[in-house]
Amino acid sequence: MHFLLSLIDQDDAAAVRRRLGVGEPEELAVEHAALSLDRLPRPRSVLLWMLQEDDPATNRVLFNHSGTPGTIKRDILRGVPFGGTGGRLHVLVHGQAPEIPVGPHGVVGDLREARTMETARIAARTVGADDWAEVAAADRAEPLPGYARWALTERVDCPPAVRAQFGSHAKFTHRMRLAGIVEPAEYVELTRPPHEVLEVLRLGEVLFPRRAREAAAVLAPLVHAEVGVNPDAWAVLARLLPTFAGTVPELVRTSGAIAHV
């Protein structure tokens, strides 16, 4: 509810909260928001959205998280910017760079030697931010094996241009979604149930505010059109939200329709 209410005028949102008997959203520090996010199902792209903030506090959390790939931890220590900014970041993370052993054929050579999905994923784990240009050039010169291409594509930090080089047809895009590689607009439009999506986005206002605003831009016109400042529509939405099985846009449209009957 809090994420959707943030999309309307805040005086109107306060009136809706009073009507529903809910308080203001709790202000969360990055560390607490990250702990709450860990308890929720979310797409793998959330890791990238957090990295793209290039925020020292967020990077510290990610560096210390067991689920962050070793190559990304190494790139954080190297000050690699994920948000498109120029130059290296001022690093405020302290720790030991993980061991990332490269096979006997080197980064590109190991990818070319991959004959199974397992060996391809092992080879893909060695690719860091500074290696993507070389990998892309090698693939253009002679296409990498299919397993290697897919393993690289599954990396959340695979640059969009490199991923497009590996595939762009509808089946490929569908497999990307199944692998949890999505954009915020896709996430908010296609993922269910809505109570989990909206909670991820609420935490995203702390952990990945730039990408959360992209999701907000998708939902805001719909929220204004369907529920607006109608307290009855918000009351319906609050009742439906915990068990609604559709998507967030479907929830908003259904709430508006019921309130106007």
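Mentor: Start with handedness: a crossing is left-handed if the near helix is turned anticlockwise from the far one by less than a right angle. In this predicted model, the crossing of α15 and α17 is left-handed.

Trainee: What makes α15 roughly parallel to α17?

Mentor: The axes of α15 (residues 209–226) and α17 (residues 248–259) cross at roughly 15°. Angles under 35 degrees count as roughly parallel, so α15 is roughly parallel to α17. Their axes come within 9 Å.

Trainee: Which residues of α15 and α17 meet?

Mentor: From α15, L219, L222, V223 and E226 meet V248, P249, V252, R253 and G256 of α17. By class, this contact has six nonpolar, one polar and two charged residues. Gly counts as polar.

Trainee: Where do the axes of α5 and α6 stand, by distance and angle?

Mentor: The axes of α5 (residues 56–63) and α6 (residues 70–77) come within 10 Å and cross at roughly 145°. N59, L62 and F63 of α5 make the contact with K73, I76 and L77 of α6. The crossing of α5 and α6 is left-handed.

Trainee: How do you know that the buried residues of α2 are on the same side?

Mentor: In α2 (residues 10–20), A13, A14, V16 and R17 are buried, each with under 20% relative accessible area. They cover an arc of only 160° around the axis, which puts them on the same side of α2. D11 and R18, on the other side, are exposed.

Trainee: What covers the buried residues of α2?

Mentor: The cover includes α1 (2–5) and α16 (231–240).

Technical notes: Residues are numbered from 1 along each chain as its sequence is written. This is a predicted model: local features need pLDDT of at least 70, side-chain atom pairs count only at pLDDT 80 or more; totals for chains, interfaces and linings use all residues. Side-chain values use heavy atoms; hydrogens and water are left out. Axes are lines fitted to C-alpha atoms, for helices over the stretch in contact, and angles run from 0 to 180 degrees between N-to-C directions. Helices (H or I, at least four residues) and strands (E, at least two) are DSSP runs, numbered from the N terminus. Contact means heavy atoms within 4.5 Å. Angles under 35 degrees count as roughly parallel, over 145 as roughly antiparallel, 65 to 115 as roughly perpendicular and the rest as oblique. Buried means under 20% relative accessible area, exposed over 50%, partly exposed in between (1.4 Å probe, protein chains only). The arc is that of the directions from the helix axis to the C-beta atoms.
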